[in-house]
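Here are my notes on the packing in this model. Please read them with the structure open.

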Amino acid sequence: MTDEARWLDPAEDRAWRGFRRMFLLLTREVNRDLAQESGLSEPDYDVLSNLSEAPGSRVRLTELAAHMKWSKSRLSHHLTRMQQRGLVGREEHPSDGRGAVIVLTEQGLNTIREAAPGHVESVRRHFIDLLTPEQIAAFGEISWTVVDRLNAAESAAERPGAAG
């Protein structure tokens with residue numbers, strides 16, 4: 001590997017460092033606002049929002065774990081804490097008794113409905129409103145280019161017989 005291939009040029013280094021710093025600071029601020037305004041953590045909000053958008057407000061645990069990029073064990077422990085707070089429930093999968101289905105409770109639905117406006121306002125204040133429409137469009141293109149590439153690589157690695 002040549003030196004050129006091993007190091008980032010100044011513009012690339014600035015972009016990478018800027019992204020890392022922005023991600024850390026933005027995540028901290030939005031999560032702080034979310035906790036102060038609603039008492040929810042980022043993982044709580046992610047679970048509730050995913051369930052609220054799912055058909056019938058229910059998702060298999062394995063599907064939710066895969067979508068959130070969490071292990072089933074980690075998600076299961078988190079869901080237990082959310083279940084104790086009345087935000088979610090668990091049901092046996094109707095066609096597979098071994099699989100759990102996570103269900104949004106009425107309290108969970110009310111909680112996400114109350115939290116969402118403040119969360120959106122925080123995202124606007126700390127991110128969206130700082131950018132021009134052109135920057136937002138470019139950021140969306142950049143983000144989804146990277147997401148699509150990483151998802152494709154992950155899918156290829158999960159296929160039987162894939163090298164890796």
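1. Core. The largest nonpolar core holds 23 residues. A nonpolar core here is a set of buried Ala, Val, Leu, Ile, Met, Phe, Trp, Tyr and Cys residues joined through side-chain atoms within 4.5 Å. Buried means under 20% relative accessible area, with a 1.4 Å probe and protein chains only. Val47, Leu48, Leu75, Leu79 and Val88 have the most contacts inside this core. Two or more residues each come from helix H3 (42-53), helix H4 (61-68), helix H5 (72-84), strand E3 (100-104) and helix H6 (106-126). Helices (H or I, at least four residues) and strands (E, at least two) are DSSP runs, numbered from the N terminus.

2. Basis. This is a predicted model: local features need pLDDT of at least 70, side-chain atom pairs count only at pLDDT 80 or more, and totals for chains, interfaces and linings use all residues. Residues are numbered from 1 along each chain as its sequence is written, and side-chain values use heavy atoms, with hydrogens and water left out.

3. Leu48. Which residues does Leu48 contact, leaving aside its neighbours within four places in sequence? They are Leu40, Met82, Leu87, Val88, Leu104, Gly108, Thr111 and Ile112. Contact means heavy atoms within 4.5 Å.

4. Sheet. Three strands make an open antiparallel sheet, ordered E1-E3-E2. Strands pair if DSSP finds at least two bridges between them. The twist averages 30° from one strand to the next. E1 and E3 run antiparallel and are joined by three bridges. Val59 stands opposite Ile102 in E3.

5. Helices on the sheet. H4 lies across E1, E2 and E3, at about 85° to E1. H5 also packs on the sheet and touches E2 and E3. The direction of H5 makes about 120° with that of E2. Axes are lines fitted to C-alpha atoms, for helices over the stretch in contact; angles run from 0 to 180 degrees between N-to-C directions.

6. H4 against H5. The two axes are 9 Å apart, at an angle of about 110°. H4 and H5 are therefore roughly perpendicular (65 to 115 degrees). Leu61, Thr62, Leu64, Ala65 and Met68 of H4 make the contact with Lys72, Leu75, Ser76 and Leu79 of H5.

7. H3 against H6. The axes come within 10 Å and cross at roughly 110°. H3 is thus roughly perpendicular to H6. Tyr45, Leu48, Ser49 and Ser52 in H3 meet Gly108, Thr111, Ile112, Ala115, Ala116 and His119 in H6.

How values were computed
Buried means under 20% relative accessible area, exposed over 50%, partly exposed in between (1.4 Å probe, protein chains only). Angles under 35 degrees count as roughly parallel, over 145 as roughly antiparallel, 65 to 115 as roughly perpendicular and the rest as oblique.
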